[in-house]
Amino acid sequence: MHLGALAHFGPLPGGGRPSAVLDLLGSRAAAIPRLRMRVRDVLLPVGGAAWSNDPQFDVGRHVREIALPGADFDAESARLAGELMERPVERGLPPWEMYLLTGAPDGSFAVLVKLHHALADGMRAVAIGAGIFDEIAAVARRAGGRRPRAVPPRSWLPGPGRLVGAARERIGDLGRAVEVGASVVGASVARAGRLDEPAATALAADSSGTRRVATAVLDLERVHQVRRTSGGTANDVLLAVVAGALRRWLDERGAPLPGADPRALVPVSRRRPGSPAGSGNSLSAYLLALPVTEPDPAARLAAVRRDMDRNKADGPMRGAGALAVLADQLPPLAHRFGAPLASGAARLLFDVLVTNVPLPRSALSLGGAPLRTLFPMAPLARGQALAVAMSPYGGRVHVGLVADGKAVPDLDALAAALSDELELLEKAH
């Protein structure tokens with residue numbers, strides 16, 4: 001499972017060649033301790049693994065340049081991003097890659113950052129990726145001193161010296177997952193009959209291993225204008241926009257509406273401000289029924305707001321979402337017993353991942369070239385055909401859509417529907 005971002009930058013100051021950014025990317029990536037960590041096999045526990053610093057780390061094996069045809073650079077970069085995101089990272093190396101994409105007629109360029117989900121969750125990925133920007137790198141240089149120790153991520157991979165204890169802890173997690181899953185699956189089946197009739201067959205597909213990426217940009221002030229009129233949060237408005245876009249997309253496909261509303265997994269970071277760099281993945285999630293079957297846009301937003309308010313009142317660790325995120329953090333030994341449950345639970349419990357990934361509010365640049373857009377890309381779970389990630393930056397909301405390439409070949413149509421649905425919400429309020 002890979003996550004990442006596609007960032008577009010303006011031309012370098014003074015008319016510099018974009019290729020000059022490659023060395024800068026490499027040096028800044030090499031200075032990020034987390035990116036020097038790799039996975040190695042261990043003797044105990046059986047089937048286990050551990051994070052360790054890569055003694056032969058070579059940043060040149062992770063950072064590459066690709067020249068694209070310049071006719072439609074944005075479209076070509078999104079197409080290539082899909083191809084690159086579907087490729088597995090090389091085993092035995094730190095699980096990440098960066099690509100400098102050049103070839104735009106005006107001298108602008110793009111950077112694709114790709115991380116395995118075991119290395120970082122969405123919030124930690126933002127912190128890692130931010131290290132390439134001029135402003136963040138300058139702060140690190142001013143801090144000076146000895147390079148910080150490369151702290152391994154906290155996921156299903158225990159660090160050296162913690163193997164047996166970590167294995168016991170994660171096996172305990174598996175037991176809790178089974179307990180939570182049994183109650184939640186039973187409740188879900190009783191409510192919606194999802195074992196026999198998935199809520200949204202257009203969003204459920206056997207994984208083909210292919211990926212397609214599409215992007216959209218929404219005006220953040222327009223989102224806030226709807227929020228001020230309707231109440232709730234900006235994220236409520238964006239979730240309602242996604243629900244409306246899915247409805248429009250299904251209609252344009254000529255597909256019938258699902259018998260039940262598709263359920264979205266909405267990740268929630270449990271990392272506290274100022275948490276240490278080694279805190280790794282720290283996620284839970286809310287489950288939300290996206291009101292795709294509701295024809296009225298104002299009623300869709302009201303339904304999203306009501307359900308999200310209820311989720312927040314219950315807390316992110318008291319529902320099915322906790323199981324869905326925990327499934328990605330089990331140890332290899334536990335996966336032998338828990339993989340069938342985890343895979344079935346993901347397909348049963350949610351149809352689409354929708355996440356909001358915040359970015360720094362200050363203006364960012366790379367080598368003096370201003371950041372224009374940054375489209376986050378969420379991991380696509382097995383059995384799901386679509387993941388939607390959104391990041392506000394510079395007065396706009398950048399939406400990155402990742403889909404199974406065979407299940408959703410018309411992803412651009414869904415991306416275009418997002419702007420139409422925001423306009424519809426404005427008119428309804």
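**Cores, helices and sheets of the predicted model**

Leucine 290 touches Leu239, Val242, Ala243, Leu246, Asp261, Pro262, Ala264 and Val352, leaving out residues up to four places away in sequence. Apart from this, leucine 290 belongs to the largest nonpolar core, which has 49 residues. Leu290 is one of the residues with the most contacts inside that core, a group that also includes Leu246, Leu386, Val388, Val399, Leu401 and Leu418. Helix α7, residues 234-253, gives the most to this core, with twelve residues. Another core lies apart from it and has 37 residues, among them Met98, Phe109, Ala118 and Leu371.

The model described here is predicted. The protein has 429 residues, and 52% of them count as buried. Its secondary structure comes to eleven helices and 14 strands. Among contacts with a separation of 6 or more, 79% come from residues 24 or more positions apart.

Helix α7 has 20 residues. From its first C-alpha to its last, α7 reaches 28 Å, close to the 28 Å expected at 1.5 Å a residue. The helix is mostly covered, with 14 of its 20 residues buried. Glycine 254 follows α7, and its phi is positive, near 80 degrees.

Helix α8 covers residues 297-314 and has 18 residues. Its span from first C-alpha to last is 26 Å, close to the 26 Å expected at 1.5 Å a residue. The buried residues of α8 are Pro297, Arg300, Leu301, Ala303, Val304, Asp307, Met308 and Asn311. Seen down the axis of α8, these buried residues fall within an arc of 160 degrees, so they line one face of the helix. An α-helix has 3.6 residues a turn, so residues three or four places apart point the same way. Glycine 315 follows α8, and its phi is positive, near 95 degrees.

Helix α3 spans residues 122-129 and holds valine 126. Valine 126 touches Val357, Pro358 and Leu359, not counting residues up to four places away in sequence. Valine 126 and proline 376 are 250 residues apart in sequence. In space, their C-alpha atoms are 9.1 Å apart.

Attention now turns to the strands. An open sheet of six strands has the order β4-β5-β6-β1-β12-β11, and its pairing is mixed. Strands β4 and β11 (365-366) stand at the edges. Each has a single partner strand, so one side of each is left without a neighbour in the sheet. Within this sheet, β1 (residues 2-9) and β6 (residues 109-116) run antiparallel and are joined by eight bridges. Leucine 6 stands opposite leucine 112 in β6.

Strand β5, residues 96-102, contains glutamate 97. Glutamate 97 has a relative accessible area of 10%, and it is buried because this lies under the 20% cut-off. Its side chain makes a polar contact with the side chain of tyrosine 99, at 2.7 Å. Leaving aside neighbours within four places in sequence, glutamate 97 is in contact with His62, Arg64, Pro88, Val89, Leu112, Val113 and Lys114.

Strand β2, residues 37-41, pairs with β3 in the antiparallel sense over five bridges. Valine 39 stands opposite tryptophan 51 in β3. Four of the five residues of β3 are buried, so this strand is largely enclosed by the rest of the structure.

Arginine 61 is placed in the loop between β3 (49-53) and β4 (63-67). Its relative accessibility is 38%, and arginine 61 therefore counts as partly exposed, between the cut-offs of 20% and 50%. Arginine 61 touches Glu90 and Leu93, not counting residues up to four places away in sequence. Arginine 61 and glycine 26 are 35 residues apart in sequence and 9.8 Å apart in space, C-alpha to C-alpha.

Definitions and conventions: Residues are numbered from 1 along each chain as its sequence is written. This is a predicted model: local features need pLDDT of at least 70, side-chain atom pairs count only at pLDDT 80 or more; totals for chains, interfaces and linings use all residues. Side-chain values use heavy atoms; hydrogens and water are left out. Helices (H or I, at least four residues) and strands (E, at least two) are DSSP runs, numbered from the N terminus. Buried means under 20% relative accessible area, exposed over 50%, partly exposed in between (1.4 Å probe, protein chains only). A polar contact is a pair of N or O atoms within 3.5 Å; within protein, one must be able to donate a hydrogen and the other to accept it, and residues adjacent in sequence count only if both atoms are side-chain atoms. Contact means heavy atoms within 4.5 Å. A nonpolar core is a set of buried Ala, Val, Leu, Ile, Met, Phe, Trp, Tyr and Cys residues joined through side-chain atoms within 4.5 Å. The expected span of a helix is 1.5 Å times one less than its number of residues. The arc is that of the directions from the helix axis to the C-beta atoms. Two strands pair if DSSP finds at least two bridges between them.
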